[in-house]
Amino acid sequence: MKQIIIGTRGSPLALWQAKHIQERLKNELDIDSALKIIKTKGDKILDVPLAKIGGKGLFTKELEEMLLSKEIDIAVHSLKDVPIQFISDLGLACITKREDPRDCFVSHIYPSLQSLPHKAKIGTTSLRRSMQLKAIRADFDTLSLRGNVQTRLKRLENGDFDAIILATAGLKRLDITESQIKYISPIPTTTMIPAMGQAALGIECKMDHTIAPILRKLQDEPTALCVNAERKFVEILEGGCQAPIGVHCEHIEEGRIQISAMVGFADSSKTLKSSIQGNSQDSIALAIQLAHEMIANGAREILAEAIESYRLS
């Protein structure tokens, strides 16, 4: 196969992810590739929380347009940023093995969430994270924090926050450790449920492209099973990438999975949390069942009100 073009965002983490796929293409499939950096709407608008400028496609739209125009052959995404519905002719060719899916507590002063002072300032623009932080302690002051990982860490170092919350996977991929930041502590998924697809990478392409079936060889099936269940759950709830939804599917023993989910207001004044277990082969059916159970308890109304009130705030 001739050299293919990989579209990617330009942040250090996005470039790490693209280069990781580039190496796998060469080492495992003997496919040469080159990177093409694209700036997305989500990268350009940094002074407004994502939920206020619309969640759909903020980090994918420009990449998808270039896939359709054949300026690039594939795009590498963090799956938590990928909308449920794809533009016609596009889709995920594969989902690669998940890194650590947990959110991570990061601070230069305090060792844990529990040790933070009253009304501690915590940096995060995620409504999902804010919701769960305030469910832990209502006095937490969650403040907007946009930009790439390095920008966020710099603001922490400058003293803008007592702590910030980042994805553990991103810190691991960028080799950011306690040698650079005093306290890095992954938060158990029982305490803070991750976003759908968090820590997994997806490769998007035109589904009629000759590369599509070849890329399937890079898929990690246990990860794909869990991520597809998470995405189905969000689809049934009619939520999006920036909605205050936590959902995490994990293999708990041979042949069995558990799906845990939480929705609510960013200030945690109203939340709904539930989980379900069952056979891994029934992952999609379990996700649908959990979603409908939460819908029956008001999940859709909670989400609609939460997003509308936040955009108007």
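Predicted model: local features only at pLDDT ≥ 70, side-chain atom pairs only at ≥ 80, totals over all residues.
Take the helices to begin with. Helix α8 covers residues 221–237 and helix α9 covers residues 283–296; their axes come within 8 Å and cross at roughly 30°. Angles under 35 degrees count as roughly parallel, so α8 is roughly parallel to α9. The crossing itself is right-handed. On the α8 side, the contact is made by Leu225, Asn228, Ala229, Lys232, Phe233, Ile236 and Leu237. These meet a set of α9 residues that includes Ile284, Ala287, Ile288, Leu290, Ala291 and Ile295, along with Ser283, His292 and Met294. Sorted by type, the residues of this contact come out as 12 nonpolar, three polar and one charged.

Leucine 290 sits in helix α9 and, with a relative accessibility of 0%, counts as buried. Leaving aside residues up to four places away in sequence, leucine 290 touches Phe233, Ile259, Ala261, Ser274, Ser275 and Ile276. Phe233 also turns up among the α8 residues that meet α9. Tryptophan 16, on the other hand, lies 274 residues from leucine 290 in sequence, with 35 Å between their C-alpha atoms.

Then there is strand β10, residues 201–206. Six of its six residues are buried, so the strand is largely enclosed by the rest of the structure. Strand β3 (residues 74–78) runs antiparallel to β10 and is joined to it by five bridges, with alanine 75 standing opposite glutamate 204. Strand β4 (residues 90–95) is likewise antiparallel to β10, again through five bridges; here isoleucine 95 has glycine 202 as its bridge partner.

How values were computed. Residues numbered from 1 in each chain as written. Heavy atoms only, no water. Axes fitted to C-alpha atoms, helices over the stretch in contact; angles between N-to-C directions. Helix = DSSP H or I, 4+ residues; strand = E, 2+ residues; numbered from the N terminus. Parallel < 35°, antiparallel > 145°, perpendicular 65-115°, else oblique. Left-handed = near helix turned anticlockwise from the far one by under 90°. Contact = heavy atoms within 4.5 Å. Nonpolar A, V, L, I, M, F, W, Y, C, P; charged D, E, K, R; others polar. Buried < 20%, exposed > 50% of the residue type's maximum accessible area, 1.4 Å probe, protein only. Pairing = 2+ DSSP bridges.
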